[in-house]
Amino acid sequence: MTELDRSATRLAISRRAGDLLRAGWHCSEAVLGAVGPEVIPDWTPAYLRLANGFAGGVGGSHEEICGAAAGGVMVIGALFGREELQDDLLAQRLTKEFRKRFLADLGETRCDPLRQNVVKVEGGLGSCDIVCERAAMVLLQLLSEEGVEV
């Protein structure tokens, strides 16, 4: 697969995150649901249950981590997290880098400020689909750099 093909695939997956949000899934579910099936070898739709509580900045509070960011962290954990007490430096490093890139790209990692930016851009409450799409793209680029085929 050429780099152009990989870029097109990553774009399609990131757009799927926006599509899932517009279809009614929460941000956390949209990112996990778009990226997870593409990169997690033992993917099952039941994994979406893990993302539900992160909706709306944790339980709909809009005060904590953006659900799209949480969905990305869950993908990293599914791929590189530990199952036993062992070294987890890779998962921690990738999570830290994902957060750094998410912040650089979107300007914030908390739900409410991101929602307020969507309001400013779209002129109304609008949808965080662009946040989900950008979060998925940041995640996919990071995973690709780590050797995960996307």
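**Exercise 1. Find how much space lies in the largest cavity, and work out what lines it.**

Step 1: The largest cavity holds about 50 Å³ of space. A cavity here is a set of points, on a 1 Å grid over the protein atoms alone, where a 1.4 Å probe fits but cannot get out. Grid points are joined across faces, edges and corners, and the volume is the space filled by probe spheres set on the points. The structure has 1 cavity of 30 Å³ or more.

Before going on, a word on the source: this is a predicted model, where local features need pLDDT of at least 70, side-chain atom pairs count only at pLDDT 80 or more, and totals for chains, interfaces and linings use all residues. Residues are numbered from 1 along each chain as its sequence is written, and side-chain values use heavy atoms, with hydrogens and water left out.

Step 2: Lining residues have an atom within 4 Å of a point. Look for C27, G56, G57, C66, G67, C111, L114, R115, C128 and V131.

Step 3: Sort them by type, and you get 6 nonpolar, 3 polar and 1 charged. In this scheme Ala, Val, Leu, Ile, Met, Phe, Trp, Tyr, Cys and Pro are nonpolar, Asp, Glu, Lys and Arg are charged, and the others, Gly among them, are polar.

Step 4: Helix α6 (residues 111–122) gives the largest share of the lining, 3 residues. Helices are DSSP runs (H or I, at least four residues), numbered from the N terminus.

**Exercise 2. Work out which residues of α5 are buried and which are exposed.**

Step 1: Check the length. α5 has 18 residues and spans 25 Å from its first C-alpha to its last, close to the expected 26 Å. That expected span is 1.5 Å times one less than the number of residues.

Step 2: Pick out the buried ones (under 20% relative accessible area, with exposed over 50% and partly exposed in between; 1.4 Å probe, protein chains only). In α5 these are A91, L94, F98, F102 and L106. Seen down the helix axis, they fall within an arc of 75°, so they line one face of α5. The arc is taken from the directions from the helix axis to the C-beta atoms.

Step 3: Turn to the other side, where L89, K96, K100 and A104 are exposed.

Step 4: Now zoom in on E97, also in α5. E97 counts as partly exposed because its relative accessibility is 22%. Its side chain makes a polar contact of 2.7 Å with that of R101. Such a contact is a pair of N or O atoms within 3.5 Å; within protein, one must be able to donate a hydrogen and the other to accept it, and residues adjacent in sequence count only if both atoms are side-chain atoms.

**Exercise 3. Find out how covered α2 is.**

Step 1: Helix α2 runs over residues 27–39. Of its 13 residues, 11 are buried, so the helix is mostly covered.

Step 2: Among the buried ones are C27, E29 and V39.

**Exercise 4. Find the phi of V58 and of H62.**

Step 1: Most residues other than glycine have a negative phi.

Step 2: V58 has a positive phi of about 80° although it is not a glycine, and H62 has a positive phi near 60°.

Step 3: V58 sits in the loop between α3 (48–51) and α4 (67–80), and H62 lies in the loop between α3 and α4. V58 is partly exposed at 35%, and H62 is partly exposed at 24%.

Conventions. Helix = DSSP H or I, 4+ residues; strand = E, 2+ residues; numbered from the N terminus. 1 Å grid on protein atoms, 1.4 Å probe; cavity = no way out; pocket = protein on both sides within 12 Å on 5 of 7 lines; lining within 4 Å.
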